[in-house]
Amino acid sequence: MKRDRGQCMVCRDGKLLLIEHRMNGRDFFNLPGGGVEEGETPDEAALRELFEEAGVKGKIERPLAIEFKPDLESRVFTYWVSIPENAEPILGVDPELPPDKQTIVGFAWKSLREIPERDRAYLFGAGLMRVPSFHDEVLQWGDNVISYPE
C-alpha cells in the first residue's frame, strides 16, 4: 500500500492557510500536510506537517474527511485544525528533500474567491463544507450559479 496522507484545514477570518509548492514547472497551493510515517497516526502526521511546512503548532478540532487517492491504494485524512490567534506562519521546508530540491516556495491565507476552481474542487473533497463559516458562505452562492470552466 502506498503512503497515506494527513492534512490540516486551518481557517482564520474566512480564509484558509495554503502552502505554495513548485513542482515540475508549475505552482500550486494545497493544504498543509504530507505522508504518514511508520508508527505515526494520520492526525499526528497532519500536525507534524503543519509545523514543518508553516512553523505553527495546531490543535485538531475534529476530523473532516477521509478520501481515497486516485490510485485507490492510499488515503487522505483531513482535519479541521486551530492555531493560536497570535501564531503567524513562516516559510517551512520538506525535511525529506535536500535544500536545493525544496518544493515549498510560500504560503498564503486565501478566501474561496481567491482560490482557483480546480483547487476548490479538492477542498470540497477534503471536507470544506464541514467547516461552519465556509458552509454558510457556500449556501449564500445561490441556486443558479454555474462556474464550470469553458
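This is a predicted model: local features need pLDDT of at least 70, side-chain atom pairs count only at pLDDT 80 or more; totals for chains, interfaces and linings use all residues.
Let me begin with one turn: in the hairpin of β2 and β3, where two residues stand between the strands, N24 takes a positive phi near 50°. Residues are numbered from 1 along each chain as its sequence is written, and side-chain values use heavy atoms, with hydrogens and water left out.

Strand β2, residues 15–23, and strand β3, residues 26–30, are paired in the antiparallel sense over five bridges, where two strands are said to pair if DSSP finds at least two bridges between them. Within this pairing, R22 has D27 of β3 as its bridge partner. N24 itself sits in the loop between β2 and β3, and N24 is exposed, with a relative accessible area of 81%; here exposed means over 50% relative accessible area, buried means under 20%, and partly exposed lies in between, with a 1.4 Å probe and protein chains only.

The side of D13 open to the probe is given by a relative accessible area of 74%, so D13 counts as exposed.

Strand β5, residues 59–68, and strand β6, residues 75–82, run antiparallel and are joined by eight bridges, with P63 standing opposite Y79 in β6. Six residues lie between the strands of this hairpin, and there L72 takes a positive phi near 60°.

Next, a residue inside a strand. Is A108 buried or exposed? A108, which is found in strand β7, residues 104–110, is buried, with a relative accessible area of 18%. Leaving out residues up to four places away in sequence, A108 touches L16, L17, L18 and F29, a contact being heavy atoms within 4.5 Å. The C-alpha atoms of A108 and A54, which are 54 residues apart along the chain, are separated by 10.0 Å.

Let me step back to the whole chain. Its secondary structure comes to three helices and seven strands, and from the N terminus the elements run β-β-β-β-α-β-β-β-α-α; helices (H or I, at least four residues) and strands (E, at least two) are DSSP runs, numbered from the N terminus. The radius of gyration is 15 Å, close to the 15 Å that the globule rule gives for 150 residues, so the chain is as compact as a globular protein of that length; the radius is taken over C-alpha atoms, and the rule is 2.2 Å times the number of residues to the power 0.38. Of the contacts in the chain with a separation of 6 or more, 65% are accounted for by residues 24 or more positions apart, and 40% of the 150 residues count as buried.

Last, the charges. The chain has 19 positive and 28 negative side chains, and the centres of the two sets lie 2 Å apart. Lys and Arg count as positive and Asp and Glu as negative, while His and the chain ends are not counted, and the place of a charge is taken as NZ of Lys, CZ of Arg, CG of Asp or CD of Glu.
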